[in-house]
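These are my notebook entries on a structure that I had not looked at before. I wrote down each item as I looked it up.

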Protein chains: 2
Amino acid sequence: MTLELYHAEPVANSMKTLLCLKEKDLKFRSHYVDLLRFEQHRPEFVKLNPNGQVPVLVHNGAVITESTVINEYLYDAFPEVALRPQNFAERAQMRVWSKFVDEYFCPALSMWGWHLMVRKVAQSLSKNELEKVLERIPLKEQRDKWATIAGESFSEAQLEDSKRKLKVSIDRMEKILAKSKWLAGSQYSLADVNSYPMVAGVPRMFPEIMNPKTAPLACAWLDTMNARPAVRAALSMPNRVPEVLRTFGG
Amino acid sequence: MTLELYHAEPVANSMKTLLCLKEKDLKFRSHYVDLLRFEQHRPEFVKLNPNGQVPVLVHNGAVITESTVINEYLYDAFPEVALRPQNFAERAQMRVWSKFVDEYFCPALSMWGWHLMVRKVAQSLSKNELEKVLERIPLKEQRDKWATIAGESFSEAQLEDSKRKLKVSIDRMEKILAKSKWLAGSQYSLADVNSYPMVAGVPRMFPEIMNPKTAPLACAWLDTMNARPAVRAALSMPNRVPEVLRTFGG
């Protein structure tokens, strides 16, 4: 059996998969992809994932992309540690929540990550260097995002709307945790694993949105998560991003 | 066992779930939700799904939302007809593709559906009626979309970008079908079920994007799908949308 993961530092979508691997105590060969050097756009990496994005799992030759899908794959292929509820309705809740994280919560947080961090990287490049970077990005949507942050960045209205979405996300979480211990019911599941990197970023970036007064249950959930050995193990993975560029996670 | 589905006419996301139920030959109680009468925003429906959206599955009291998740639930709860590949890598491919349909292909098609069809509905309302409709929509994003189409609609640039995304989607499909019979490999799966309502809409709305010359494999796939008894059975479900308002599917 060979299990390999191409990933960046233990934040955002890379962290989702690193955490899942650690929870399942699976040995894997780690390939660090340096996003600050744009290694994810290099031809040899794009051959692996035509979208030019991390993480990517390779298992006995099969290439699996998309962190949420990778984590479901890890459950299918290594069912020993149950991170998927046995109750089918709770499993559906796990998927509805993970979908919400992918489509709503994560993009809102990501916009701020790009605005505060990736923007510094983009602005450190000469016009010529930036053009070379843009040229190699496979997805138009990603190219557009780079062009946006290298220029005027997102509009005030867009940033405010993303902040509003972060509040909606934490409020939803709070409501779920008022009814159940974990995000998909009574059992720790991929809903919790998939949320951790995003939730961890909120109190650091917006303490007014998530603090023990505004979101006591979400804060308690985060404390419990932070104490898990798998979370500590995943966070101890290499992080070559300079401190000054870190805005959330890690 | 009681299985109930709240759904609109057999198009878009309602069709995804109707088709899955028909493929599995499951008996269910059908609750038609009339979107033209905004029944999805009525308090009794919002109690069922706080997002105010169809379809919703109710199984022995458990409420399942989100068409993609409902279809995975149906597989979990009724595994007899295998719509999920047994090969885990193909199952991951099924999920990557379904995610792409949800996050990229469907929103692009949906924008045109709103622009061409829902816009007519919005414009048939008085200012007063529209305000009443907006008031009851639970999701801000949906409220904004109604306000947009009741006014100037989407911009030319937004509509053109969505059209571009439809071409990207059909091109991707063509590439997959050059390598395998179905969208997630050698076996008919949820990847095909989840794509059908979207793909069926493209040649009707944009024959220049999808025709036997530009996309021969996608066209052949659609013919094969159209001939499936389950597709015919799902399409024969009630459709109360007046012909003049139909733009895709059904």
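This is a predicted model: local features need pLDDT of at least 70, side-chain atom pairs count only at pLDDT 80 or more; totals for chains, interfaces and linings use all residues.

**Entry 1: two helices of chain A.** From α4(A) come A:M94, A:W97, A:S98, A:V101, A:F105, A:C106, A:L109 and A:W112, and they meet A:L190, A:A191, A:N194, A:S195, A:M198, A:G201 and A:M205 in α8(A). Sorted by class, this contact has 11 nonpolar and 4 polar residues, and no charged residues.

I then looked up how the two helices are placed, and found that the axes of α4(A), which covers residues 88-123, and α8(A) come within 10 Å and cross at roughly 25 degrees. An angle under 35 degrees counts as roughly parallel, so α4(A) is roughly parallel to α8(A). I noted the crossing of these two helices as left-handed.

Entry 2: I stayed with α8(A), residues 190-205, and turned to α1(A), residues 12-23, which packs with α8(A) at an angle of about 140 degrees, the axes being 8 Å apart. This makes α1(A) oblique to α8(A), and the crossing is right-handed. On the side of α1(A) I listed A:A12, A:M15, A:K16, A:L19, A:C20 and A:E23, which meet A:V193, A:N194, A:Y196 and A:P197 of α8(A). By class I noted 7 nonpolar, 1 polar and 2 charged residues in the contact of α1(A) with α8(A).

**Entry 3: backbone details.** I kept in mind that most residues other than glycine have a negative phi, and that most peptide bonds are trans. A:A12, which lies in helix α1 of chain A, has a positive phi of about 45 degrees although it is not a glycine. I also found a cis peptide bond between A:V54 and A:P55, with omega about -5 degrees, and I placed A:P55 in the loop between α2 (43-48) and β3 (56-59) of chain A. In chain B a cis peptide bond joins B:V54 and B:P55, again with omega about -5 degrees, and B:P55 lies in the loop between α2 (43-48) and β3 (56-59) of chain B.

**Entry 4: chain A as a whole.** I found 10 helices and 4 strands in chain A, and along the sequence they follow the pattern β-α-β-α-β-β-α-α-α-α-α-α-α-α. The radius of gyration of chain A is 18 Å, close to the 18 Å given by the globule rule for 250 residues, so chain A is as compact as a globular protein of that length. I noted that the C-alpha trace of chain A spans about 55 × 45 × 30 Å along its principal axes.

**Entry 5: the two copies.** How is chain B laid on chain A? I found that a turn of 180 degrees with a shift of 0.0 Å along the axis does this, with an RMSD of 0.0 Å. The two copies are thus related as by a two-fold rotation axis. Among the residues of chain B, B:E103 comes closest to this axis, at 3.7 Å for its C-alpha. The same surface serves both copies, since 100% of the contact residues of chain B recur in chain A.

The contact takes 17 residues from chain B and 17 residues from chain A. On the side of chain B that touches chain A, the elements giving two or more residues are β4 (62-65), α3 (67-77) and α4 (88-123) of chain B, and α4(B) gives the largest share, 8 residues. By class I noted 9 nonpolar, 1 polar and 7 charged residues on this side of chain B.

How values were computed
Residues are numbered from 1 along each chain as its sequence is written. Chains are lettered from A and ligands numbered from 1 in the order in which they are written. Copies are superposed by least squares on the C-alpha atoms of residues with pLDDT of at least 70 in both. Two residues are in contact if their C-beta atoms, placed from the backbone, lie within 7 Å. Ala, Val, Leu, Ile, Met, Phe, Trp, Tyr, Cys and Pro count as nonpolar, Asp, Glu, Lys and Arg as charged, and the others, Gly among them, as polar. Axes are lines fitted to C-alpha atoms, for helices over the stretch in contact, and angles run from 0 to 180 degrees between N-to-C directions. Angles under 35 degrees count as roughly parallel, over 145 as roughly antiparallel, 65 to 115 as roughly perpendicular and the rest as oblique. A crossing is left-handed if the near helix is turned anticlockwise from the far one by less than a right angle, and right-handed if clockwise. The radius of gyration is taken over C-alpha atoms; the globule rule is 2.2 Å times the number of residues to the power 0.38.
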